[in-house]
Each structure stands twice: as C-alpha cells, then as structure tokens.
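Morning, everyone. I have one structure to walk you through today. Please have a look at it before I start.

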Amino acid sequence: MAEGSSNRLVSNMEELVSKVEGIYSKKSGELDQVSGALSNIDRLVEVLARVELQQSAEQQLGDKITKLNTALERLNQPPDAASQEEDTNVQETLRKIIKGAKVTGKVLDIVAGGLSVMFDSITETVKSGSRQGAKTAPESVDLSSVLNPLGSILRGLVHSDNNEPAPSKQEEKLEN
C-alpha cells in the first residue's frame, strides 16, 4: 500500500507540477500581453501629448491670424468720424496759425512803412528847418509833418483789418 500511495503521491505531484507550470506559463503569457499593452499605452500617451501640443500651436496660430485679420480690417475701413474730426481740428488750428502769421506780417509791414515815412518826414522837416536858418527856432518842428506818418500807420492798421491795401503817401497827396 505504501507503494500505491507513493505512486499516487508522485502522480499527484507531477500533476501539481504540470498545473503550476501551466499556470506559470499562462501567467507569463498574460504578463507578456500586459507588458505589450503597457508599451502600447505609453506610445498612445506620447502620441496624445504630441497631438495636444499641435492643437495648442494651432490655437496660437489661429489667435495670431485673427489679430492680423482684425488689424487689416481696421486699415481697410474708412476713417471714422472721430479721427476725421481730429484731422479737421488740426487743419483748422494750422489755418488759424497761418492767418495770425499773415496778419502779424502785415502789421509789421505797415509799422515799418509808417516808421520809415515818419523818419523821412522828420528828417525833411529838420533839414528844411536848417535851410531856413534863423527864421525858425530849432525847437519848433512842424507838428503836422510829424503826425502825418503816425496817421498813415493808423490808416494802414485800419485798412489791414479790412483786408484793403493801405494808401501810400503818394496816393494820399494825389487825392488831396
């Protein structure tokens, strides 16, 4: 009996070894499959990361294209009323400055002309007084000949306000 139980024990042990080897080989195969699946999952994660980066780059490119398109649309649109008004205000200011410069130039021209006439008149009066010699005192200067140039200056200013040419000294003599 011992031999029968020993045979049975050996046969059970052999069966157990073959079952364990089967389970081991089955588990080994499953581990190989899991290892292959894990490597496939790793590759899938890498591909998804690249796709995500590509989508991010595409989004940034889309944003930049949108900004560029908006800028081009603003350039192609006619200027709005606010910028036209600013341009008009600048033009009006420049026109006023130019007009002021013209008026100042006219006034300076009239004053210079009047001073020139006044100096000429004073010079003539003094010379004519010295020609007459002792007949008149040197302090007595013809007041009308001194005031004449001042009158022409005032007439010139009045005429420049009206944008009319001021009559010259010769024209005044012709009119009288």
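**A quick tour of the chain**

Let's begin with the surface. The protein chain has an accessible surface of about 15100 Å². Carbon and sulfur atoms account for 59% of that. Keep in mind that this is a predicted model.

How far can we trust it? The average pLDDT of the protein chain is 77. A score of at least 70 is reached by 76% of the residues. Where is confidence highest, and where is it lowest? Helix α1 comes out highest, at 87. Helix α4, residues 169–175, is lowest, with a mean of 49.

Now the architecture. The chain has four helices and zero strands. Going along the sequence, you read α-α-α-α. Helix α1 covers residues 2–76, and helix α2 covers residues 81–132.

What share of the residues is buried? The chain has 176 residues, and 8% of them count as buried. Next, contacts. Take those between residues at least 6 apart in sequence. Of these, 65% join residues at least 24 apart.

Let's zoom in on helix α1. Val20 sits in this helix. Val20 also belongs to a nonpolar surface patch, together with Leu9, Met13 and Leu16.

On to charges. How many salt bridges does a search of the whole structure find? One. Its partners are Glu30 and Lys27, whose side chains meet at 4.0 Å, N to O. Why can these two pair up along the helix? They are three residues apart in α1, so about one helical turn separates them.

Are the partners buried or exposed? Glu30 is partly exposed, because its relative accessible area is 35%, and the range for that label lies between 20% and 50%. Lys27 is partly exposed too, with a relative accessible area of 49%.

Last stop, helix α2. Met118 lies there. Is Met118 buried or exposed? Its relative accessible area is 14%, so Met118 is buried; the cut-off is under 20%. Now find Ile153. Met118 and Ile153 are 35 residues apart along the chain. Their C-alpha atoms are separated by 9.2 Å.

To recap: four helices, zero strands, and one salt bridge. And when you look at helix α4, remember its mean confidence of 49. Thanks, that's me done.

Notes: Residues are numbered from 1 along each chain as its sequence is written. This is a predicted model: local features need pLDDT of at least 70, side-chain atom pairs count only at pLDDT 80 or more; totals for chains, interfaces and linings use all residues. Side-chain values use heavy atoms; hydrogens and water are left out. Patches are made of residues with over 30% relative accessible area and no salt bridge: like charges are joined within 9 Å, nonpolar side chains (Val, Leu, Ile, Met, Phe, Trp, Tyr) within 5 Å. Accessible areas come from the Shrake-Rupley method with a 1.4 Å probe; for residues, only the protein chains shown count as cover. Buried means under 20% relative accessible area, exposed over 50%, partly exposed in between (1.4 Å probe, protein chains only). Contact means heavy atoms within 4.5 Å. pLDDT is the predictor's confidence in each residue, from 0 to 100.
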